[in-house]
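Visitor: Could you walk me through this one slowly? I'm new to reading structures.

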Amino acid sequence: MLTGKQKRYLRSLAHHIQPIFQVGKGGVNDQLIRHIEEAIEVRELIKISILNNNMDDRQEVAEALASGSGSELVQVIGKTIILYKESKDHKEIELP
């Protein structure tokens, strides 16, 4: 579980990152979660955007992605989700 200070720090790091995944009308599926797990192991912090054709609740989508990939939900702002998971092999981010 992340503290407020850690979430603020991660939000500041994620500000300049471009989204690398998009959730479309297909919603959350196993293939998307598997790709997110692989990417988050390498990057630790990723952004995901929700497309306009997705009619699901964005908070539910964010929670499904976080729980499915075993990561922490940092923030949902607009149609952008920020996820963090400490990497086992590629640790770069030091949390305060």
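Guide: Let us begin with a term: helices and strands here are DSSP runs, numbered from the N terminus. With that in hand, the elements of the chain run α-β-α-β-α-β-β from the N terminus on, and please keep in mind that this is a predicted model.

Visitor: How many helices and strands are there in the chain?

Guide: The chain has 3 helices and 4 strands.

Visitor: And what radius of gyration does the chain have?

Guide: The chain has 13 Å, which agrees with the value near 12 Å that a compact globule of 96 residues would have. Its C-alpha atoms fill a box of roughly 35 × 25 × 25 Å along the principal axes, and 38% of the 96 residues count as buried.

Visitor: Let's look at helix 2. Which of its residues are buried?

Guide: In helix 2, the buried residues are Leu32, Ile33, Ile36, Ala39, Ile40 and Glu41.

Visitor: What do those buried residues pack against?

Guide: The buried residues of helix 2 pack against strand 1, strand 2, helix 3 and strand 4.

Visitor: What follows helix 2?

Guide: Helix 2 is followed by glutamate 44, which lies in the loop between helix 2 and strand 2. Glutamate 44 has a positive phi of about 70 degrees although it is not a glycine. Most residues other than glycine have a negative phi.

Visitor: Is glutamate 44 buried or exposed?

Guide: Glutamate 44 counts as buried, because its relative accessibility is 0% and the cut-off for buried is under 20%.

Visitor: Switching to lysine 47, where is its place?

Guide: Lysine 47 sits in strand 2, which covers residues 45–50. Lysine 47 is buried yet has no salt bridge, and the nearest side chain of opposite charge, that of glutamate 92, is 16 Å away.

Visitor: So what does the side chain of lysine 47 reach?

Guide: The side chain of lysine 47 reaches the backbone oxygen of isoleucine 17, at 3.2 Å. Leaving aside neighbours within four places in sequence, lysine 47 is in contact with several residues, including His15, Ile17, Phe21, Thr80 and Ile82.

Visitor: How many salt bridges does a search of the whole structure find?

Guide: The search finds 1 salt bridge, in which the side chains of lysine 91 and glutamate 86 meet at 4.0 Å, N to O.

Note on methods
Residues are numbered from 1 along each chain as its sequence is written. This is a predicted model: local features need pLDDT of at least 70, side-chain atom pairs count only at pLDDT 80 or more; totals for chains, interfaces and linings use all residues. Side-chain values use heavy atoms; hydrogens and water are left out. Helices (H or I, at least four residues) and strands (E, at least two) are DSSP runs, numbered from the N terminus. Buried means under 20% relative accessible area, exposed over 50%, partly exposed in between (1.4 Å probe, protein chains only). Lys and Arg count as positive and Asp and Glu as negative; His and the chain ends are not counted. A polar contact is a pair of N or O atoms within 3.5 Å; within protein, one must be able to donate a hydrogen and the other to accept it, and residues adjacent in sequence count only if both atoms are side-chain atoms. Contact means heavy atoms within 4.5 Å. The radius of gyration is taken over C-alpha atoms; the globule rule is 2.2 Å times the number of residues to the power 0.38.
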